[in-house]
Amino acid sequence: MYAVHDVEECFDCVQDCFSNLFFGAQWAQPSLVSLAFSQYLNCSIFGRKKKQCRDKYLAKHNAIFDNLDVVTYEEVVKVPVGDPNFQRKTLVLLGAHGVGRRHIKNTLISKYPDKYAYPIPHTTRPPKPEEENGRSYYFVSHDEMMADIAANEYLEYGTHEDAMYGTKLDTIRRIHTEGKMAILDVEPQALKILRTAEFTPYVVFIAAPSLQNIADYDGSLERLAKESDMLRQMYGHFFDLTIVNNDISETIATLESAIERVHTTPQWVPVSWLY
């Protein structure tokens, strides 16, 4: 039986390598989705060794996303505490790969299982004897998954060893109907779907720690800091909160306090989320 964190670590590899994901309902066309899938079908994205992906194209550089719906002004409205027409239903964690989002997500879910949940991914691979459908994965046929992708029912998806893996929008909706907040650690492009009245996200950017007084023997921390700065510059206008992850325990405590304030103080949100 797979532990939750093992499943999520496995699926996070989709986000790490298959980062040229095409996001559904609101702007990706079926023909574009099919083209993207065929182009990247042979990418090996779950390898424990150094991940390489043929024709890899970083989603954060995706010109399609950058040129669609560029918002220079967004009308907002202040929502009072307890407004029955509004609540934050999705916690979106953004950040450079390796900054600690997975650990933060797993910690919150383990600590507050009645408050938070992570959407169970779908896959086309056959289940192993000990696996139960809907526990670690939802097992579906290739034709079914391709049809759902064409119908824009997936937030993101990728392939590994002839099997497909993805996050279906309905799994997020199911968490909402259970009265829980869905936690997602996704690429910024997912906001094209998530920043709507249906998902009402609270977007938190986990920034890389300061390089001062930290030994960086292989340059990995510098690369992490550069990617973090780039994400902040490109997508900072979407962030509701930025936390510099200098200490993981302090970061989690800060995030917990921030979420508590979200539910107990008035919120400024896009007008389109209410009207």
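Analyst: Let us begin with R125, whose side chain makes a polar contact of 3.4 Å with the side chain of Y165. Please keep in mind that this is a predicted model.

User: Where is R125 found, and is R125 buried or exposed?

Analyst: R125 is found in the loop between β4, residues 122-123, and β5, residues 138-139. With a relative accessible area of 13%, R125 is buried, because the cut-off for that class is under 20%.

User: OK, and what sheet do β4 and β5 belong to?

Analyst: They belong to an open sheet of four strands, in the order β5-β4-β7-β6, and the pairing in that sheet is mixed. The edge strands are β5 and β6 (154-160), each of which pairs on one side only.

User: How do β4 and β7 run, and how many bridges join them?

Analyst: β4 and β7, the latter covering residues 163-168, run antiparallel and are joined by two bridges. If you want a pair to look at, H122 stands opposite G166 in β7.

User: Which helices pack on or lie across that sheet?

Analyst: Helix α5 packs on the sheet, where it touches β4, β6 and β7, and its direction makes about 45° with that of β7. Helix α6, residues 169-177, lies across β4, β5, β6 and β7, and runs at about 40° to β7.

User: Which residues of α5 are buried?

Analyst: In α5, which spans residues 142-150, the buried residues are M145, D148 and I149. They lie on the same side of α5, because the arc they cover around the axis is only 105°.

User: What follows α5?

Analyst: N152 follows α5, and its phi is positive, near 60°.

User: Changing topic: where is Y112?

Analyst: Y112 is found in the loop between α4 (101-111) and β3 (116-117). Its relative accessibility is 24%, so Y112 counts as partly exposed. The C-alpha atom of Y112 is separated by 10.0 Å from that of K180, although the two residues are 68 residues apart along the chain.

User: And β3, which sheet is that in?

Analyst: β3 is part of an open sheet of five strands, ordered β3-β8-β2-β9-β10, with parallel pairing. Its edge strands are β3 and β10 (241-244), and each of these pairs on one side only.

User: What packs on that sheet?

Analyst: Helix α9, residues 248-264, packs on the sheet and touches β2 (90-95), β3, β8, β9 (201-207) and β10, while the direction of α9 makes about 165° with that of β10.

User: How do β3 and β8 pair?

Analyst: β3 pairs with β8, residues 181-185, in the parallel sense over two bridges, and Y116 has M181 as its bridge partner in β8.

User: Last one: what does the chain look like overall?

Analyst: The secondary structure of the protein chain comes to nine helices and eleven strands, and 49% of its 275 residues are buried. Among contacts between residues at least 6 apart in sequence, 74% join residues at least 24 apart. The accessible surface of the chain comes to about 13,800 Å², with 50% of that belonging to carbon and sulfur atoms.

Technical notes. Residues numbered from 1 in each chain as written. Predicted model: local features only at pLDDT ≥ 70, side-chain atom pairs only at ≥ 80, totals over all residues. Heavy atoms only, no water. Buried < 20%, exposed > 50% of the residue type's maximum accessible area, 1.4 Å probe, protein only. Arc of directions from axis to C-beta. Polar contact = N/O pair within 3.5 Å; in protein donor to acceptor, adjacent residues only side chain to side chain. Contact = heavy atoms within 4.5 Å. Areas by Shrake-Rupley, 256 points an atom, 1.4 Å probe, with all protein chains shown as cover. Pairing = 2+ DSSP bridges. Axes fitted to C-alpha atoms, helices over the stretch in contact; angles between N-to-C directions.
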